Amino acid sequence: MGGFKDFIFRGNLIQLAVAVIMGVSFGALVTAFTKGLITPLLGVFGTSPNFGQYSYKTDNGTEFLYGSVVDALIQFLITALVLYYIVVFPSEWVMGKFKKEEESKQRDCPECASSIKKKATRCPFCTTSVLAIPPDEPKPTEEKAETPKNEKPDSPKNQPEPV
(Lines give C-alpha, C1' and ligand atoms only; values in the text may rest on other atoms or scores of the structure.)
Protein backbone atom coordinates (compact mmCIF):
# COMPACT_ATOMS: atom_id res chain seq x y z
CA MET A 1 0.00 0.00 0.00
CA GLY A 2 2.96 2.35 0.63
CA GLY A 3 4.08 2.13 -3.01
CA PHE A 4 0.65 3.14 -4.24
CA LYS A 5 0.59 6.07 -1.82
CA ASP A 6 4.01 7.19 -3.08
CA PHE A 7 2.78 6.92 -6.67
CA ILE A 8 -0.38 8.96 -6.03
CA PHE A 9 1.41 11.74 -4.17
CA ARG A 10 4.35 11.94 -6.54
CA GLY A 11 4.86 15.55 -7.68
CA ASN A 12 4.63 14.86 -11.40
CA LEU A 13 1.28 13.09 -11.13
CA ILE A 14 -0.27 15.92 -9.15
CA GLN A 15 1.10 18.49 -11.60
CA LEU A 16 -0.32 16.48 -14.49
CA ALA A 17 -3.74 16.31 -12.84
CA VAL A 18 -3.74 20.07 -12.27
CA ALA A 19 -2.69 20.63 -15.90
CA VAL A 20 -5.55 18.45 -17.20
CA ILE A 21 -8.10 20.28 -15.06
CA MET A 22 -6.74 23.64 -16.20
CA GLY A 23 -6.86 22.45 -19.82
CA VAL A 24 -10.51 21.44 -19.52
CA SER A 25 -11.37 24.78 -17.93
CA PHE A 26 -9.46 26.63 -20.62
CA GLY A 27 -11.30 24.64 -23.31
CA ALA A 28 -14.64 25.62 -21.80
CA LEU A 29 -13.52 29.25 -21.74
CA VAL A 30 -12.49 29.17 -25.41
CA THR A 31 -15.77 27.46 -26.38
CA ALA A 32 -17.78 30.16 -24.59
CA PHE A 33 -15.65 32.91 -26.15
CA THR A 34 -16.08 31.43 -29.63
CA LYS A 35 -19.84 30.87 -29.34
CA GLY A 36 -20.52 34.14 -27.52
CA LEU A 37 -18.30 36.59 -29.40
CA ILE A 38 -16.43 35.26 -32.42
CA THR A 39 -19.18 33.26 -34.13
CA PRO A 40 -21.74 36.11 -33.92
CA LEU A 41 -19.07 38.51 -35.17
CA LEU A 42 -18.46 36.26 -38.18
CA GLY A 43 -22.23 35.94 -38.60
CA VAL A 44 -22.39 39.66 -39.35
CA PHE A 45 -20.72 38.91 -42.69
CA GLY A 46 -22.86 35.82 -43.40
CA THR A 47 -26.43 34.76 -42.91
CA SER A 48 -26.23 32.85 -39.63
CA PRO A 49 -23.94 33.28 -36.62
CA ASN A 50 -24.23 29.57 -35.77
CA PHE A 51 -22.13 27.54 -38.20
CA GLY A 52 -23.05 24.27 -36.47
CA GLN A 53 -26.42 24.20 -38.20
CA TYR A 54 -24.91 24.06 -41.70
CA SER A 55 -24.87 20.63 -43.30
CA TYR A 56 -25.02 18.90 -46.66
CA LYS A 57 -27.47 16.06 -47.26
CA THR A 58 -26.88 13.52 -49.97
CA ASP A 59 -29.53 11.66 -51.99
CA ASN A 60 -29.39 8.57 -49.79
CA GLY A 61 -29.89 10.57 -46.53
CA THR A 62 -26.26 10.89 -45.37
CA GLU A 63 -25.63 14.22 -43.70
CA PHE A 64 -22.25 15.99 -43.66
CA LEU A 65 -22.07 18.48 -40.76
CA TYR A 66 -19.48 20.87 -42.18
CA GLY A 67 -20.72 23.70 -39.94
CA SER A 68 -19.57 21.83 -36.85
CA VAL A 69 -16.14 21.48 -38.44
CA VAL A 70 -16.01 25.25 -39.02
CA ASP A 71 -16.93 25.90 -35.36
CA ALA A 72 -14.28 23.43 -34.16
CA LEU A 73 -11.69 24.99 -36.49
CA ILE A 74 -12.40 28.46 -35.09
CA GLN A 75 -12.08 27.13 -31.53
CA PHE A 76 -8.81 25.40 -32.39
CA LEU A 77 -7.30 28.51 -33.98
CA ILE A 78 -8.27 30.68 -31.00
CA THR A 79 -6.84 28.12 -28.57
CA ALA A 80 -3.59 27.86 -30.53
CA LEU A 81 -3.28 31.64 -30.78
CA VAL A 82 -3.90 32.21 -27.07
CA LEU A 83 -1.54 29.40 -26.02
CA TYR A 84 1.21 30.71 -28.28
CA TYR A 85 1.05 34.30 -27.07
CA ILE A 86 0.34 33.53 -23.40
CA VAL A 87 2.58 30.48 -22.84
CA VAL A 88 5.04 29.73 -25.67
CA PHE A 89 6.19 33.22 -26.68
CA PRO A 90 6.95 34.47 -23.13
CA SER A 91 8.69 31.22 -22.16
CA GLU A 92 10.89 31.33 -25.28
CA TRP A 93 11.75 34.95 -24.49
CA VAL A 94 12.73 34.07 -20.92
CA MET A 95 14.70 31.00 -22.00
CA GLY A 96 16.50 33.12 -24.60
CA LYS A 97 17.60 35.51 -21.85
CA PHE A 98 18.96 32.61 -19.77
CA LYS A 99 20.69 31.10 -22.78
CA LYS A 100 22.51 34.36 -23.55
CA GLU A 101 23.61 34.58 -19.93
CA GLU A 102 24.78 30.95 -20.00
CA GLU A 103 26.65 31.47 -23.29
CA SER A 104 28.47 34.48 -21.87
CA LYS A 105 29.89 32.27 -19.10
CA GLN A 106 31.18 29.62 -21.54
CA ARG A 107 34.00 29.33 -24.07
CA ASP A 108 35.43 26.61 -26.30
CA CYS A 109 38.42 24.49 -25.39
CA PRO A 110 41.21 25.16 -27.93
CA GLU A 111 42.10 21.47 -28.05
CA CYS A 112 38.80 19.53 -28.19
CA ALA A 113 36.31 22.40 -28.89
CA SER A 114 34.12 21.38 -25.94
CA SER A 115 32.20 24.08 -24.11
CA ILE A 116 33.91 24.93 -20.83
CA LYS A 117 33.55 27.71 -18.24
CA LYS A 118 35.57 30.85 -18.83
CA LYS A 119 37.13 30.58 -15.36
CA ALA A 120 38.35 27.02 -16.00
CA THR A 121 42.10 26.38 -16.02
CA ARG A 122 41.76 22.80 -17.28
CA CYS A 123 39.30 21.28 -19.76
CA PRO A 124 37.16 18.62 -17.99
CA PHE A 125 36.83 16.64 -21.23
CA CYS A 126 40.38 16.40 -22.58
CA THR A 127 42.29 17.68 -19.48
CA THR A 128 44.24 20.25 -21.50
CA SER A 129 45.53 23.21 -19.50
CA VAL A 130 43.90 26.45 -20.62
CA LEU A 131 44.27 30.04 -19.50
CA ALA A 132 41.45 31.33 -17.35
CA ILE A 133 39.61 34.34 -18.76
CA PRO A 134 38.58 36.91 -16.17
CA PRO A 135 34.77 37.30 -16.13
CA ASP A 136 34.84 41.10 -16.52
CA GLU A 137 37.27 41.22 -19.45
CA PRO A 138 36.16 43.95 -21.87
CA LYS A 139 35.52 42.94 -25.44
CA PRO A 140 37.99 44.32 -28.01
CA THR A 141 36.58 47.19 -30.03
CA GLU A 142 37.67 48.61 -33.34
CA GLU A 143 39.50 51.88 -32.96
CA LYS A 144 39.05 54.58 -35.54
CA ALA A 145 42.13 55.61 -37.42
CA GLU A 146 43.09 59.08 -36.28
CA THR A 147 44.31 61.81 -38.58
CA PRO A 148 47.82 62.96 -37.70
CA LYS A 149 47.84 66.35 -35.98
CA ASN A 150 49.85 68.08 -38.71
CA GLU A 151 47.45 67.00 -41.52
CA LYS A 152 44.00 68.32 -42.22
CA PRO A 153 41.19 65.77 -42.74
CA ASP A 154 40.55 66.98 -46.28
CA SER A 155 44.17 67.26 -47.36
CA PRO A 156 45.15 65.70 -50.72
CA LYS A 157 46.99 62.84 -48.98
CA ASN A 158 43.69 61.57 -47.52
CA GLN A 159 41.70 61.87 -50.75
CA PRO A 160 41.46 58.97 -53.21
CA GLU A 161 43.23 59.45 -56.53
CA PRO A 162 40.99 60.29 -59.49
CA VAL A 163 40.62 57.55 -62.06
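Start by selecting Tyr 54: at 24% relative accessibility, Tyr 54 counts as partly exposed (buried is under 20% relative accessible area, exposed over 50%, partly exposed in between, with a 1.4 Å probe and protein chains only). This is a predicted model, where local features need pLDDT of at least 70 and side-chain atom pairs count only at pLDDT 80 or more, while totals for chains, interfaces and linings use all residues. Residues are numbered from 1 along each chain as its sequence is written, and side-chain values use heavy atoms, without hydrogens and water.

Now show the rings. Four aromatic pairs are counted (rings of Phe, Tyr and Trp, the last by its six-membered ring, with centres within 6.5 Å; planes under 30 degrees apart are stacked, over 60 edge-to-face, the rest tilted). One of them is Tyr 54 with Tyr 66, stacked at 6.3 Å centre to centre and 10° between the planes. Tyr 54 sits in the loop between helix 2 (11–43) and strand 1 (56–57), and Tyr 66 in helix 3, so the pair ties together parts 12 residues apart in sequence (helices, H or I of at least four residues, and strands, E of at least two, are DSSP runs numbered from the N terminus).

Next, select Tyr 84 and Phe 89. Their ring centres are 6.2 Å apart with planes at 45°, so this pair is tilted. Tyr 84 is partly exposed at 35%; Phe 89 is partly exposed at 44%.

Finish at Leu 81, in helix 3 (residues 66–104). Leu 81 counts as exposed, at 51% relative accessibility.
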